[in-house]
Amino acid sequence: MLGGVMIGAVGIPPKGVLLELLDRLPLVSVDSGLSPVERGLLFQLRLPRVALAAIVGGLLALAGASYQGVFRNPLADPYLLGAAAGAGFGATLVIVFTQAEGFVPLAAFVGAIGGVLLAYALGNTAGRGGGTATLVLAGVAVMSFLSALQAFVQQIKVEQLQRIYAWILGGIGGDWSQVWLVAPYAVVSVAVLLAHGRLLDVLSVGDDEAGSLGVNAGRVRLVVLCAASLATASAVAVSGLIGFVGIVVPHIVRRLAGGSYRVVLPLSLLAGASFLVLGDLVARTVLAPAELPIGVVTAFIGAPFFVGVLRATRAVGP
């Protein structure tokens, strides 16, 4: 995060950045030597952008680790139950039929929550015997259906495709209002998920064994899925669809720190924040003053890591 506020398309003296940050602390008064323009760039553009990238990355990684714990599948990601497709459909509706750019985050949030609720309702029609496998299949069905609807809506106004794909590829804004928009949902979802780390450890041994230990597996799974879906929806609403964070980061954390979710969840939160801040730093500097979509950057960074994890897993064996 410190690197994110120091480095950018416009050069600001690193020493001045440090002194300016120190000057904002209580009971500290130092002269940073920065001009008013540089101060504005630091506090109105870089700091909120870094903060938003950290929040979004942490939420996606934490949600991914939580999904993997619920489904006992290391390939589960935050978009498994149709959150991405729902968010994309909601954002597409606003972009195509209105000119209200300010409503895109709200539409994406509502669409993501709606996609997850639809998948959960569809999965429950199979009854309790379906288990998590039925829920995953329901998520795939909802994802396919909403993606088809999105493609249909896109064809109505082809001239809006560039705006739609710009949102789909993801991007981190530089506005404090977006930070405050996502912060309440982030606090609630993070608190709930971190509090369920021990219960996810119990759930990993199986529903019957968890029940014998006094854990209501169904209730734990529902609470974790709701909190993880809330984290995913709030992140997607302000950043678009950013891939690989929710799969790669928990994988790396699990290989370095073990499989206990009491450890994996908080470390995934921190590692995901670091990962996306780094990705955003690359996105806005590698082709400065132009910017790459951050979804492209995370794919370039995340895909080799993911391939390496798969190769290592194959070499070790089951």
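Is Arg221 buried or exposed? With a relative accessible area of 12%, Arg221 counts as buried. These legends go with close-ups of a predicted model.

View 1. Arg221 sits in helix H11, which covers residues 217-239. Because its relative accessible area is 12%, and buried means under 20%, Arg221 falls on the buried side of the cut-off. Once neighbours within four places in sequence are set aside, Arg221 is in contact with Val70, Arg72, Thr132, Leu203 and Asp207.

**View 2. The largest nonpolar core.** Here we look at a core of 89 residues, the largest nonpolar one in the model. The residues with the most contacts inside this core are Val56, Phe71, Leu81, Trp167, Ile242 and Val245. Helix H3 (residues 36-71) supplies the largest share, with 19 residues.

**View 3. Zooming in on Phe71.** Phe71 is one of the residues with the most contacts inside the largest nonpolar core. Leaving out residues up to four places away in sequence, Phe71 touches Ala76, Leu80, Leu81, Thr132, Leu135, Val136 and Leu225. Thr132 turns up in this list, and Arg221 from View 1 also contacts Thr132.

**View 4. Ser268 in helix H13.** Ser268 belongs to helix H13, residues 261-285.

**View 5. Thr98 between two helices.** Thr98 is found in the loop that links helix H4 (83-97) to helix H5 (104-124). Its relative accessible area is 32%, so Thr98 is partly exposed. A polar atom of the Thr98 side chain lies 2.6 Å from the backbone oxygen of Val94. Follow the chain to Gly123 and you are 25 residues away from Thr98 in sequence, while the C-alpha to C-alpha distance between the two is 33 Å.

**View 6. A nonpolar patch on the surface.** Which residues make up this patch? They are Leu22, Leu25, Val28 and Val30, and together they have about 280 Å² of accessible area. Leu22 is placed in helix H2 (residues 14-23). At a relative accessible area of 41%, Leu22 is partly exposed.

How values were computed. Residues are numbered from 1 along each chain as its sequence is written. This is a predicted model: local features need pLDDT of at least 70, side-chain atom pairs count only at pLDDT 80 or more; totals for chains, interfaces and linings use all residues. Side-chain values use heavy atoms; hydrogens and water are left out. A nonpolar core is a set of buried Ala, Val, Leu, Ile, Met, Phe, Trp, Tyr and Cys residues joined through side-chain atoms within 4.5 Å. Buried means under 20% relative accessible area, exposed over 50%, partly exposed in between (1.4 Å probe, protein chains only). Helices (H or I, at least four residues) and strands (E, at least two) are DSSP runs, numbered from the N terminus. Contact means heavy atoms within 4.5 Å. A polar contact is a pair of N or O atoms within 3.5 Å; within protein, one must be able to donate a hydrogen and the other to accept it, and residues adjacent in sequence count only if both atoms are side-chain atoms. Patches are made of residues with over 30% relative accessible area and no salt bridge: like charges are joined within 9 Å, nonpolar side chains (Val, Leu, Ile, Met, Phe, Trp, Tyr) within 5 Å. Accessible areas come from the Shrake-Rupley method with a 1.4 Å probe; for residues, only the protein chains shown count as cover. A salt bridge is a side-chain nitrogen of Lys or Arg within 4 Å of a carboxyl oxygen of Asp or Glu.
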